[in-house]
Each structure stands twice: as structure tokens, then as C-alpha cells.
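Thanks for coming. I will take a few minutes on how the inside of one protein chain is packed.

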Amino acid sequence: MSQDQQTFNQPIPVCPVRGSVIYPTMVMPVDAARPISIRAINAALDRDRTILIVNQKDRETQEPTAKDLYEVGTACNILRMKKNPDGNIQMLVQAFARVRIKAFYGTTDVIEADVEPIDVPVGDQMVLEAAFRELKEKFADMIESSRNIQPEVAQFVMNLEDAGQFADYVAYNLDFRPEDKQAVLEAPTVAERVKKVLVLIDTELELAETQRRLQREVKEEIDRNQREYFIREQIKALQRELNGSDEDEDEMEEFRNKLEELELPDEVMKEAERELNRLSRMHPDSAEASVIRTYLTTITELPWNIRSDDRIDIAEATAILEEEHYGLEKVKDRVLEYLAVRQLKYERAEKGELEPSEVNKGPILIFVGPPGVGKTSIAKSIAKALGREYVRISLGGARDESDIRGHRRTYIGSMPGRIIQGIRQAGTKNPVFLLDEVDKLGTSYQGDPSSALLEVLDPAQNNSFVDHYLGVPFDLSEVLFVATANYPQNIPEALLDRMEIIEFNSYIEQEKLEIAKRYLLPRQIKENGLKSRQLVISDSALSKLITNYTREAGVRTLERTIGTLSRKAARRVAQGEAKRIRLTEPSLEQYLGPEKFTPESEAEDNLVGVATGMYYTPVGGDILFVETSITPGKGGLVLTGQLGDVMKESARAALTYAKSNAVRFGISQEVLDNHEIHIHVPAGSTPKEGPSAGTALATSLISALTSIPIRKDVSMTGEITLRGRVLPIGGLKEKVLGAKRAGIKHIIFPIKNNSDLNDVPLHLRKSLSFHAAEDLDDVLDVALVGGLKALEAHASGQSKPAKRTRKGSSAPAQA
């Protein structure tokens, strides 16, 4: 004892160890590789071979200092020491005392400490005996169930009679945590020491039993006892039992941090936290956990508070629209008006004169027109002018309300609706959102998607839009919705009422020519690997492409046709046949084959019973001929040429008008009673409909009944009444363009369409003669050769029977 006292009267070198605790009476090997440990061993050997073994608090610390060590350690004698070639030291030590460190002395070379031995009292004797007996039984059970304890070690420990030593050896040989082993070393009494080890061994036994049970569960599930499969299933079972892993905890923490960063509304945050808590209690591989994980991912990826900063500059917006679109003047004017209103609202809101919520209120624009006229590209230009993100969703064929509102999470494969998906894609809560093909929405037993759009497009409701998948409101009030449609009559009235219609008319030929020169041709040259100088297409060739190879309202087919020419030119350039190709009007047939469309041209001569009308379709305007023939018969009216009901009614109205004015026009009752009137409109295979051919039908009929020829250079349009009044029609600009292309020089149109002449290009108005007609007398005065005077002369019997103006005319000369 005196030697021990002498040992403890001087500082002792400290050897820090990681994850290991040595107890008194033990003889154990110690490997030292760190410089601080090697220096401590050398210092102890230079003195009395006494060294202090102290456990680190954090085993990851490479260069520990005094504050990194526990205050209770074990004093040991170095029995043997061996230096390895790599500089490491192996030593065998015998621990002889628990000691408490009074003070550390750190130097640059070694840590030393003043210590005092710990005199550990026995404690409660009854508790000690009971705990010791229980500990022996538990350790015996552990020996039977564990293969990690060597038999000789187990036998040595079981033969120990001292309770304190027994607890120390059990703690050392079992796989307890380092901090638990340190607690055993620091126990204030022997009884407390035995109790701590008893608690730890109980925990180990329970874990061992759980592991054995899990192994049995896994063994029942595995097939063919494959090792890899066994390990994977064992891990799953352990995760099931232990309620997750570190990765799952990291995932929970990641979700929690993202939710806090988003600054969500209270209602949304409450729902997200509820789902997150459910996920934390679930097995990570369960189907429900996967659904919740997807839901939380959707919540965290939505732009709840992310906005694009609007930059509204009317001059810049004008430049963008002019640069990217040719024509469409009315459409561009309306878009600029819309942006100007928003700019003024922003300015008032910044001054505090207007509530911020009022800034985003305004009409929802719907662009209506035939395909390919620029509806979608105009929406893109609006987004570019505002500096906002652009999102487009196609609603064509959508037949389910869930397409808009999303699917409830109770369904397998549920997902948000297209609106929320679009917002997620945009990454901001105020994008320009294009609802394409709104008129193609369908209905089914699963609901009407157009009804779901009512809330989306209503500024009074869309600030709290609830998607079925999210289950919480999302603010859509800052989204700029724009819709497109081809046929507005197919849109439900309640939905159309929420939108302002902006009509896109078909491009006229001159507009198509400019679009082809400015946009389509350069784009196709670039896409097909050519340089601008390697392919040149003359204006006359482009015009022929437009009129003879394409027939459409927009320019999509025209671009595809130009693409075909570009590819053929690229092939010739690649094969070395030519370095530069110039396409003219005569060479088009060589590349594209025969003409696909042949526009009508004016009649060859002034003919009896052949009037020139005009028609308009979404692909443009053109002329048509109305032919009337009078043959012997029973006084009937025959209509051929696939005429629609409205056009047939116009023919009957024209006949009634002619009969009611028979005396004035000199038409005998005998001709009306004993002759059959046959009206035909070529081409017979093409259906024709509409009231605007009324003037042409009446003029053709009266010409045939009076044998007065109709001027070949006159084309007409207008609906007629039984009293002969001429009513307004639509599509005047397109009809005039078609008539001009056919070589017509005079246009007869309803007087109430005078305002529509402003839409006709100025160069057309200068090159044609326009005649406004209030009634059929105005029409006949211009259309018939000789005008109303020829009719008056015929009625008075002064005119001679009309001669056939060319061989083969089907209109007979008659009184």
C-alpha cells in the first residue's frame, strides 16, 4: 500500500484510449499507434512503469486534450512492451486501481495527471447479494445464447466469487457502449456497479431475443435460403422492429427543414406536419409511407411564396410582339391595352392607392381562331414581355374533373391536377398559364372538367383553390390565365362568360408571304443544316407555294412544305450537285410535284345564268360559280352541288323574289309554270353552306329567266330577303382577297358591311372597285350587262332575245 501511495504522490503519464475501458485486476493488451499514446508509454517506462489508462469522450478525436477525457480512469503497470517496425507499440498491462483525476498537466509531449485512488464501498448488502445472484443467472443465459463469448473466458468469469470483479469482467467482455462501460467504472458502490451491469445485460438479452425472433421471421420469408436475400430481409426486419434507420431520420429532418423554410400558410403547415408525423411512425418500405413521401415532396416543391418580378414596359412589349409576329394588328393592340392597364394598376398599388389584391384582377383572355394563326405564340410573347414563366397545358380530350382538380390520395397512383402540376413545373406562383384547346373539353360519368375550370378562372374564388390531391388551398389569384380555342360555340356558356374573346382571323396571302420570308424560311434553312445563301426562294415561288400547294388558315403546312424544299436542297448540296440553289416558280413542280390546289379564276366571258359568288372558310377565301338553267318541265326547282339547308332556303327565297317581281322584270308566267329551274353550284363533291350566296343565287336566277348576261369581272356576296334587301355577312376581307386572286375587278357587298372595308388592305382597296348594295336592284344594276336598264328594256319588250355569248352555254334564249 505504501508503494501505491508513493505512486499516486507524483503525476502519472496518461494514455488516452478510444472505446475501451479496463477494470482493476485485469491483465489486458493495449495497442498504441497515436504519437500522444506512444509518448505516454515511453514516459511511464522511464519512471516506474505506471501508466493511467483513460477513455475518450469522443472516439473520433485524433489529438485529445484534457477536456476530451473522462475524470475517472484505471491505474496500470506495464508488464511487457514491444515496438513494431511501423513504429506502433504493443504492451501488456495489469490494472490495479480505480482512480479519480484531480488535475491534468498538458505539455507538448505528453499528458500527465494527479490522481487519487477511489475507495469503493460495498453499499446495501442485501441489494448486492440479490443483484449478484441475478447477474450470474443472466450471464449464464447470455453464454448459452451468444456465440461471441469464448468458453474459457465464460468459465473464468463464472468462477469469480467477488461481486465487484464479476461485474467488471462481465462489462468488459460484453458489447456494451463505451459510455455504459465508463459508467460501470465510475459507479459509487459495488452494489450500484452490479445493478448497472444487470440493467445492461438485461437489455442485451432482450435485443438478442428480438434478433433471434427476427431471424426466425426472416427465415420463414426467404426463398431457397440465398445469402444475399437473407441479409436484405434481415435488414428490413430490423428496421421494422427498430422503427426506422438513420437514413429515415435524415429524411424526416430534411422534410421538416424544407417545410419551415417555405413559410407555409397555417392550414397547409398543419396538414403537412400531420402527414410528416404519420410518416415517422410508419415502416419506410410500406405502400402508405410511399404515398405520404410523394405528397410531402409535392408540398415542398410547390412555389408557395416564390414570384417572378413583373417588368411591364409597353415599348418593350410592343417591340417583342412586332418582332415575333407579323400582322394580327387588332390582337396585338388588345394585348398591349391589357398590359397597359396592368402597368397603371402596379403604379397605383406602389403609391398605396390600390390594394395589391386588385392588381391581378382583370379579364381572362381567350384567343379564338383557326389552327396555326399564332394563338399559342402570342401567349409566349406575353410571358416574355412580363418577365414571367410560361406554362402550357393541353385540355384537348380531357373528360374527367380530376384532370383539373387532381385525384384524392386514397386512390392508387393519385396525383395533382394539371393546374397544380403546371404551377409546380413553372416554379413560381404567378406564371403566364396557357389553357390550350379549351373547346375540346369533354364530359363523362366521372364529371365535367369545364365545371372545375369555373373556380380556376374566377378571380373571386381562385385565391383558395383546393386540389383534391393536396387537400389544402393554393392561391391562384396571381396566375395570368390565357385560353385558346378553335370553336367558341363548343365552350360551355358559363365558362365562356368568364373570358374575353379575342378573335384571330386567317392570314391573307400577303401576310403569309411576309411570315414565310421573315420567319419560316430562315428557321427551316437553319434546322436543315443550310446557310442562308445556300437556298434562295423567290417571292413568286413563295406565293405559288401559298396558293397552289397549301390551303390553310395558318402557316403550319406552309412551313412543312418549305421544310420539304429545304431538305431536298440540303441533299443536293451534300451530294455536291450544287453549292447554291435558287428556287423559282417554274422549278417548284420539279421538287414538289404537281399543284395540289387550283384556285378558281373569273369566267371566260359574260354568260347568261352564271354568277360569281364569294365564300370564306377557315383556310381562306375564294370565288364560286352559281349556274342556272331553264328547261321544259312542270315548274319545279332543282338544287344540286351538295347545298346545305341554309343555302337551299336562299335559293327558294331568290325564286320567290323573282316571281314576285316577274312583271317588273318581264318574266312570263308561262315560263315559270311550264319550265323547270335547275340551280347548280360546282364543285359537286364539296359541301356548301351559308346565306351569303343569296345575291349570287338571285342574280343567276334572274339572268337565266331574262336571258341577260352577267358580267364576268363582277363578284358578289350578301344574304337576301324575300323583299330583296341585302343583309350583312362575315369574312369580307378573306372573300375580297380570293376574288382578287381570281382576277375579279368589281366587288358587290352589303352596305352594312361598309365598316369592314377598313380591314381590307389598302392596296386591295385601291386596285378593286367596291359597290355597296342595299337591295337586289343595286346588285343587278352592277352585275348584269346593261344593268337595270337592260331589265327595263326586256320588260317593255324592246330588247332582242339574248344571244348565246359562247358556244355551249346552258342558258337558252327566251321571251
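This is a predicted model: local features need pLDDT of at least 70, side-chain atom pairs count only at pLDDT 80 or more; totals for chains, interfaces and linings use all residues.

Residues are numbered from 1 along each chain as its sequence is written, and side-chain values use heavy atoms, with hydrogens and water left out.

Cores first. A nonpolar core here is a set of buried Ala, Val, Leu, Ile, Met, Phe, Trp, Tyr and Cys residues joined through side-chain atoms within 4.5 Å. Buried means under 20% relative accessible area, exposed over 50%, partly exposed in between, with a 1.4 Å probe and protein chains only. The largest nonpolar core has 54 residues, and Phe367, Ile378, Leu535 and Leu545 have the most contacts inside it. Helix 20, residues 509–527, gives the most to this core, with seven residues. Helices (H or I, at least four residues) and strands (E, at least two) are DSSP runs, numbered from the N terminus. A second, separate core has 52 residues, including Val17, Ile41, Ala167 and Val184.

Now the rings. Rings of Phe, Tyr and Trp (its six-membered ring) pair if their centres lie within 6.5 Å; planes under 30 degrees apart count as stacked, over 60 as edge-to-face, and the rest as tilted. By this rule there are nine aromatic pairs. One of them joins Phe132 and Phe166, edge-to-face, at 5.4 Å centre to centre and 70° between the planes. Phe132 is in helix 3 (residues 125–145) and Phe166 in helix 5 (residues 163–173), 34 residues apart. Phe132 is buried at 14% relative accessible area, and Phe166 is buried at 0%. Another pair, Phe367 with Phe504, is tilted, with 5.1 Å between centres and 55° between planes. Phe367 lies in strand 7 (residues 364–368), and Phe504 in the loop between strand 13 (499–503) and helix 20, 137 residues apart. Both Phe367 and Phe504 are buried.

Back to Phe132: together with Phe139 and Phe166 it forms one aromatic cluster.

Last, how do helix 3 and helix 5 pack? Their angle is about 35°, with the axes 11 Å apart; axes are lines fitted to C-alpha atoms, for helices over the stretch in contact, and angles run from 0 to 180 degrees between N-to-C directions. From helix 3, Leu128, Phe132, Leu135, Lys136 and Phe139 make the contact (heavy atoms within 4.5 Å). From helix 5, Ala163, Phe166, Ala167 and Val170 take part.
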